[in-house]
Structure formats: structure tokens, C-alpha cells
Amino acid sequence: MAKPGLRDSDVARARVIPIGGGKGGVGKTFVVANVAVSLARRGLRVVAVDADLEGANLHTCLGVEHPSSSLADYVAEREEDLQKLMADTSVPRLSLIAATHANISSSQPSQARRVQLVRALCDLPADVVLIDLGSGTHPAVMDYFMVGENGLVVITPEPTSVENAYAFMRAAFYRRLRLAMVSLDVRKVVAMAMDQRNERGIRTPLDLLREVQAVDPTEGTRFVEAMQSFRPRIVMNDVQSRDDIRLGFSIRSVCRKYFGIEVEYVGYVNHEDAARRSVRSRTPLVEIEPDCDASVYLRRIADKLVPKESQ
Ligand SMILES: Nc1ncnc2c1ncn2[C@@H]1O[C@H](COP(=O)(O)OP(=O)(O)O)[C@@H](O)[C@H]1O
Ligand SMILES: [Mg+2]
């Protein structure tokens, strides 16, 4: 069935999986590149899309040194056909849409262009489309995180990364809620709750639910549906101990208890010295060191995201 607001012909043919995390340097691009290669090696047609217009480097991780076209051409309306931006990589069946050459004065697409872009991403001729998101919680980043399937949040076991991951999931959740609410009064309440120091003392989504139910019970039901359908997935990257691995479970518990959000912990990737070497040699880790633990875990994550039986 089509999503609200979309025609049946707009239904995603490819599985679109956005990958974000709030913080820079946590390994989003690393995960996208390696998961993309793993899935392509399994025989799937994969498009890896760099949506990090301010810090594009997916092309480097995938060994495409000077991409001739870029998502920036679509953003600037120089190119209308997103498919034409797909460049081949050295891995069969894996294409890249790079994000180089963005206009630094206004890198993000307008709201209207974003809607078109989201549709075009779902229509790409592929089995799987992975979107590498930029850092931060810009509305454009949040919109990409809402595309397709439950997005993946990459977290490293540092307090700063964990903090930003919560902020990221919170921002994505409130944005989704605001879009799901129909009544203007309720939308206003949601918008107010986005300010953590709001005067009504709404601190968590559960507080907000009570407030919405009081204003409009029908919207309350819609709220619960939106809450239940928001199921971000998390990966702990660069782990070095059992405690680091366990942190993923703690984050899942916190999300359930305080936010009322179900998070799926899809796996972890250990710290791997060869990761930096793989970036320097512009070759994904799963290609240069296919048997190291991190590569095994990365392929496992790829298999969780796109199970073999669904292929
Ligand atoms: N599991 C890991 N072990 C060691 N280094 C890693 C690991 N994951 C990522 N890195 C390194 O961290 C750096 C930042 O990763 P990157 O994917 O560019 O982050 P982001 O896209 O989130 O900004 C890269 O140099 C990468 O090689
Ligand atoms: Mg990146």
C-alpha cells in the first residue's frame, strides 16, 4: 500500500535505508561503504547515495576519486534525472551518487526539491538504496532519515556520540510526529515540545502523549501509531570491550523507558586498525580484509538490514 500522500506508482521499489547518527566521525560513511559492498557482493543491485553535501566523502571510501556528477547537480536543478548521477564503482552492481561540488552558500535542497528528491530516491533502479546522511539535525537530514525503511543510527561508545544519537533520534521522532498530526492545535503542542525547556514541562514523548490525548483523543490514537511505527535501528561502532557492546542494549532500554520508542540493536563493529588503512587505500574494509572480525560483523549487519530470505 502507498504511504499517505503518495500514489501507488510512488511506492518504493528499492529498499531505501538511511544511515545517520547525529555526530561526525562515528563511522556513518564507513558503515555505508562496507554494507553497500557486502550487499552488492551478495548479488543485489545497490546504490550508495552520499547525502552529506557539506562533508562528502563516500566517493573516497568507495574508490571513486573524481566523480563527474553529484547530488549537488540535482539540488541546484542542473539535472532532473537522479539516475543520470549514478556512477559505477569497481564493485559489480554497486553504483554511487556522490555529493561533491556542493554550493557552500546553500548546500541543502529547498523543501520542494527535497520532496522530489525523496521520491526519486525511492524510484532508483536498484534492490537497495543506502543513504549516507550528514551530521547534525538539519531538517533536510531528518527528512532523508524518514525515507524508506527504519533508519540506522551509528553510535560509538563515547558519551558525546551517545548524547548526539539521542538528540538525533529525538529530533527525528518529533519531526515524524508533527507530520503525522492533523490538528493544528496538536501540531502546535508538538512544535512547543521540541523545545526541551518548554513552559508546559513536556520532557519526553510520553509526557507529550498525555498532553495530546488531553487536547484531542483522536490525535492521541494517531500519536500512538506514529510512535509505534518509529523504530530506528542502531549499530555500535568502534567497540573495544564488552561494556561497549552492552551500551547498545542500555540505549535500547533508555529509549523504551523514557521515550516510549522501540529501538532495534542490529549489531556492533569492533575497533579495527585496518579501517584507517582501508580509507587511505580508498578500498572498503570488507574488500581489503574480508576475514577480519570487523568485516564479518559488517556483513552480518548487512544481512540483518536486508535478510537473504527477502532477496
Ligand atoms: N570500527 C572502526 N575501527 C577503526 N576506525 C574506524 C572504525 N569505524 C570508522 N573508523 C574510522 O573513523 C573515521 C571516521 O569515519 P567516517 O565513516 O568518515 O565517519 P562519519 O561518516 O560518521 O563522519 C574514518 O577514518 C574511519 O576509518
Ligand atoms: Mg561521513
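**Exercise 1. How do strand 1 and strand 5 run, and how many bridges join them?**

Solution. Strand 1 (residues 15-20) and strand 5 (residues 128-132) run parallel, joined by 5 bridges. Strands here are DSSP runs of E, at least two residues, and helices are runs of H or I, at least four, numbered from the N terminus. Within this pair, Val-16 stands opposite Val-129 of strand 5.

This is a predicted model: local features need pLDDT of at least 70, side-chain atom pairs count only at pLDDT 80 or more, and totals for chains, interfaces and linings use all residues. Residues are numbered from 1 along each chain as its sequence is written, and side-chain values use heavy atoms, without hydrogens and water.

**Exercise 2. Which strands stand at the edges of the sheet?**

Solution. Start with the order: 3-4-2-5-1-6-7-8, an open sheet of 8 strands with mixed pairing. Strands pair if DSSP finds at least two bridges between them. Strand 3 (87-88) and strand 8 (264-270) each have a single partner, so one side of each lacks a neighbour in the sheet.

**Exercise 3. Where does the second largest pocket lie, and why?**

Solution. Take the lining: 26 residues, with Gly-25, Val-26, Gly-27, Phe-30 and Arg-276 nearest the centre. A pocket is an open set of 1 Å grid points, over the protein atoms alone, where a 1.4 Å probe fits, with protein on both sides within 12 Å along at least five of seven lines; lining residues have an atom within 4 Å of a point. Helix 11 gives the most, 4 residues. Domain 1 (14-149 + 272-311) and domain 2 (158-271) both contribute to the lining, so the pocket lies between them. Domain bounds come from an automatic or database assignment.

Key
Chains lettered and ligands numbered in written order.
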